[in-house]
Amino acid sequence: MRRFGPRFGLSATRKRTYDAYMRSEGWFERRKAWAERELKRRSGRAIQCVVCDKQWTLRDDLHHLDYDNLKAERHEDLVPVHRGCHDGIHEILDSLGLRRFMPARLANEVAIERMRASIGI
Ligand SMILES: [Zn+2]
Ligand SMILES: [Zn+2]
């Protein structure tokens, strides 16, 4: 489902694991469970993309803030994004090589802030 995988500091084996997981029933179910829990947390208010603040649905993507818990993600490891917004995050992470010199979560914070700034939020 995702075109992008982890690029930095992960072995080819781990990249294959990630790619297979993104296409799996397990990930499909994880996304559903994530959305249900998030809606409960928000008392039924719509889920919003962390980049553009517009409404997110299960047809959209979930981005991993880090891959430490791959296949056993905590709720907080995932953030809702639209496909285009998601691509933008990965482009920034890759082009700046952010993950090479900062922890994944910090790199993601920077990338998400940059994306938001680029669309005037
Ligand atoms: Zn968005
Ligand atoms: Zn992602």
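**Exercise 1. Helix H2**

Task: In this predicted model, decide whether helix H2 lies largely in the open, starting from the number of its residues that are buried.

Solution. 
- Step 1. Helix H2 covers residues 25–41 and has 17 residues.
- Step 2. A residue is buried if 20 or more other C-beta atoms lie within 10 Å of its own.
- Step 3. Of the 17 residues of H2, the number buried is 0, so the helix lies largely in the open.
- Step 4. Arg-30 is a residue of helix H2. Arg-30 has 17 C-beta neighbours inside 10 Å and therefore counts as partly exposed.
- Step 5. Arg-30 can also be placed against a residue elsewhere in the chain: His-75 is 45 residues away in sequence, and the two C-alpha atoms are 9.6 Å apart.
- Step 6. For the length of H2, take the distance from its first C-alpha to its last, which is 24 Å. This is close to the 24 Å expected at 1.5 Å a residue.

**Exercise 2. Two positive phi angles**

Task: Find where Ser-43 and Asp-53 lie, and state the phi angle of Ser-43 and of Asp-53.

Solution. 
- Step 1. Most residues other than glycine have a negative phi.
- Step 2. Ser-43 is not a glycine, yet its phi is positive, at about 50 degrees. This residue comes just after H2, in the loop between H2 and strand E1 (47–48).
- Step 3. Ser-43 has 6 C-beta neighbours inside 10 Å, so it counts as exposed.
- Step 4. Asp-53, also a residue other than glycine, has a positive phi near 70 degrees. Its place is in the loop between E1 and E2.
- Step 5. Asp-53 is exposed because it has 12 other C-beta atoms within 10 Å.

**Exercise 3. Cys-49 and Gln-55**

Task: Classify Cys-49 and Gln-55 as buried or exposed, and list the contacts of Cys-49 and of Gln-55.

Solution. 
- Step 1. Cys-49 belongs to the loop between E1 and E2. With 20 C-beta neighbours inside 10 Å, Cys-49 counts as buried.
- Step 2. Setting aside neighbours within four places in sequence, the contacts of Cys-49 are Lys-54, Trp-56, Pro-80, Val-81, His-82 and Cys-85.
- Step 3. Gln-55 is part of strand E2 (residues 55–56). Its 12 C-beta neighbours inside 10 Å make Gln-55 exposed.
- Step 4. Gln-55 touches Ala-46 and Gln-48, not counting residues up to four places away in sequence.
- Step 5. The C-alpha atoms of Gln-55 and His-82 are separated by 8.9 Å, while the residues are 27 apart along the chain.

**Exercise 4. Helices H3 and H5**

Task: Describe how the axes of helix H3 and helix H5 cross, and which residues meet there.

Solution. 
- Step 1. H3 covers residues 83–96 and H5 covers residues 104–118. Their axes come within 9 Å and cross at roughly 120 degrees.
- Step 2. This angle makes H3 oblique to H5.
- Step 3. The crossing in which H3 passes H5 is right-handed.
- Step 4. From H3, the residues involved are Cys-85, Gly-88, Ile-89, Ile-92 and Leu-93; they meet Ala-107, Ala-111, Ile-112, Arg-114 and Met-115 of H5.
- Step 5. Sorted by class, this contact has 8 nonpolar, 1 polar and 1 charged residues.
- Step 6. An α-helix has 3.6 residues a turn, so residues three or four places apart point the same way.

How values were computed: Residues are numbered from 1 along each chain as its sequence is written. Chains are lettered from A and ligands numbered from 1 in the order in which they are written. This is a predicted model: local features need pLDDT of at least 70, side-chain atom pairs count only at pLDDT 80 or more; totals for chains, interfaces and linings use all residues. Axes are lines fitted to C-alpha atoms, for helices over the stretch in contact, and angles run from 0 to 180 degrees between N-to-C directions. Helices (H or I, at least four residues) and strands (E, at least two) are DSSP runs, numbered from the N terminus. Angles under 35 degrees count as roughly parallel, over 145 as roughly antiparallel, 65 to 115 as roughly perpendicular and the rest as oblique. A crossing is left-handed if the near helix is turned anticlockwise from the far one by less than a right angle, and right-handed if clockwise. Two residues are in contact if their C-beta atoms, placed from the backbone, lie within 7 Å. Ala, Val, Leu, Ile, Met, Phe, Trp, Tyr, Cys and Pro count as nonpolar, Asp, Glu, Lys and Arg as charged, and the others, Gly among them, as polar. The expected span of a helix is 1.5 Å times one less than its number of residues.
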